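Biologist: I would like to learn how to read this model. Please take me through a few features, with the general idea before the case.

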Amino acid sequence: MRLLTHNMLSSNIKGVNNGFPLLIEAEKVVEKLVDFNPDFLRNIFPKIDWKALVAAARAVGYGELPDAADPAMLDSDDFLRHLHHALLQLHLEEGALVCPETGRRFPVNKGIPNMLLHEDEV
Amino acid sequence: MASNTPKTDDDADAKLGSGCLYIKVSMEGAPYLRKVDLKTYGSYAELSSALEKMFSCFTIGNVSTNPILNLFGSRMIDWQCGSNAVPSRDGLSESRLMDLLHGAEYVLTYEDKDGDWMLVGDVPWEMFTGSCKRLRIMKSSDAIGLENSFGDLTDKVVADFGCGCGTLGLAAALLGAEHVVGLEIDSQSLEIASINADDLELDADFVQCDIMNLGWRGPIVDTVVMNPPFGTRKKGADMDFLSVALKIASQAVYSLHKTTTRDHVKRTALRDYNAKSAELRYDLPQLYKFHKKKEVDIAVDLWRFVPRKI
């Protein structure tokens, strides 16, 4: 699972007010190289929750993203390369996503998070 | 299915009572039509190689990597082994579409007696020659129905709702989607979807979830593609999916629904689900007929909805 997917998922357990961002417990992280697409990155940037992305990247061991980002940075090739790597090339392969309010763990196996809720959580 | 002998009376006019069965063949991008006599061929393989020779001059550049028409060659082998494509869940036969994705640049389709465009290779050869009115060689991407999609896929974030084996989402990835997320409740389907993605050397994320209970953050998804369950267990499940899709997508929703519910789908999408527009995509053959029981096909429509920006 890419961190871009992490950036759009939230915990939807009954009673939870703010299920975003899910915390990441990383047991295994893999890198898969994909083509660099600056237009895509410029386009997706305003839709990203930056703080959540930085935290997620650090949780999987990548510390190259700045704490804060503004659109002016999109002119920097370095910045775009780091963003590309964090959003699209790092995959959480094994581990868990954890609801920030309840601590409920959603396991991630073979890169697939299991977001199914139990009956009493719906 | 036991007897494949063409019915003499019904098809008399199509066959002209002679030993020949000439039909027209067209190919996308070719400037003229050809005719072939189906009676001179004894199998799909023979027809395939004959058409390949006939139209090879229009496929220069593709031939080396993707031999034209090898696709339905492979489907035909499936057929002869008796392993008819088994529909997954109550949706379309995913394996047929996976064949399309794995296959060549072109696929062979035909117009049957009822005027429906069908993918060649699903029925025994004799049954095929008995109902084929004409042939068309079309681009695989057109056959899937997602080409010419108004820029809804290229460089976009695409979610495949109820992705099953991943077919539609992977098709989107092949057509240039930058990030694809397949959402599916069934873990076995997801395993197959992962394998399919690896086979096609495509990057796609998969999430196991119930579409109706997934939490989303932000307007990241541009386009939703889906072949939703039509609800043999729960009626109207496809409409529940559509409701969520129109909330999540910012640009477009491509969705398959039963033709019999056409009016209902359109009315509900526009009135209750805040769709700005709902249009049918007519330009594809009946690849999406799904088999509820043997012999029973159900016609479905491919829709393109545009969500209203709030």
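Modeller: Start with burial. A residue is buried if 20 or more other C-beta atoms lie within 10 Å of its own, exposed if 12 or fewer, and partly exposed in between, with C-beta atoms placed from the backbone. Of the 310 residues of chain B, 41% count as buried.

Biologist: What should I know about the source?

Modeller: This is a predicted model, in which local features need pLDDT of at least 70, side-chain atom pairs count only at pLDDT 80 or more, and totals for chains, interfaces and linings use all residues. Residues are numbered from 1 along each chain as its sequence is written, while chains are lettered from A and ligands numbered from 1 in the order in which they are written.

Biologist: How many helices and strands does chain B have?

Modeller: Helices (H or I, at least four residues) and strands (E, at least two) are DSSP runs, numbered from the N terminus. Chain B has 10 helices and 15 strands.

Biologist: Which strands pair with S1(B), and in which sense?

Modeller: Two strands pair if DSSP finds at least two bridges between them. S1(B), residues 22-27, pairs with S2(B), residues 34-37, in the antiparallel sense over 4 bridges. Ile23(B) faces Val36(B) there. These two strands make a hairpin with 6 residues between them, and Gly29(B) in the turn has a positive phi of about 90 degrees. S1(B) also pairs with S5(B), residues 134-139, in the parallel sense over 4 bridges. Here Val25(B) has Leu135(B) as its bridge partner.

Biologist: Why does Leu53(A) count as buried?

Modeller: Leu53(A) counts as buried because it has 20 C-beta neighbours inside 10 Å. Leu53(A) lies in helix H3 of chain A, residues 50-59. Contact means C-beta atoms, placed from the backbone, within 7 Å. Not counting residues up to four places away in sequence, Leu53(A) touches Leu3(A), Asn7(A), Ile48(A), Leu65(A) and Ala86(A).

Biologist: How many residues does each chain give to the contact between A and B?

Modeller: Chain A gives 28 residues and chain B gives 22. On the chain A side, the elements giving two or more residues are helix H1 (3-6), strand S1 (9-10), helix H2 (38-44) and strand S5 (112-113). By class, that side has 14 nonpolar, 8 polar and 6 charged residues. Ala, Val, Leu, Ile, Met, Phe, Trp, Tyr, Cys and Pro count as nonpolar, Asp, Glu, Lys and Arg as charged, and the others, Gly among them, as polar.

Biologist: Which strand of chain B pairs with S1(A)?

Modeller: S9(B), residues 215-216, pairs with S1(A) in the antiparallel sense over 2 bridges. Leu9(A) stands opposite Trp216(B).

How values were computed:
Two residues are in contact if their C-beta atoms, placed from the backbone, lie within 7 Å.
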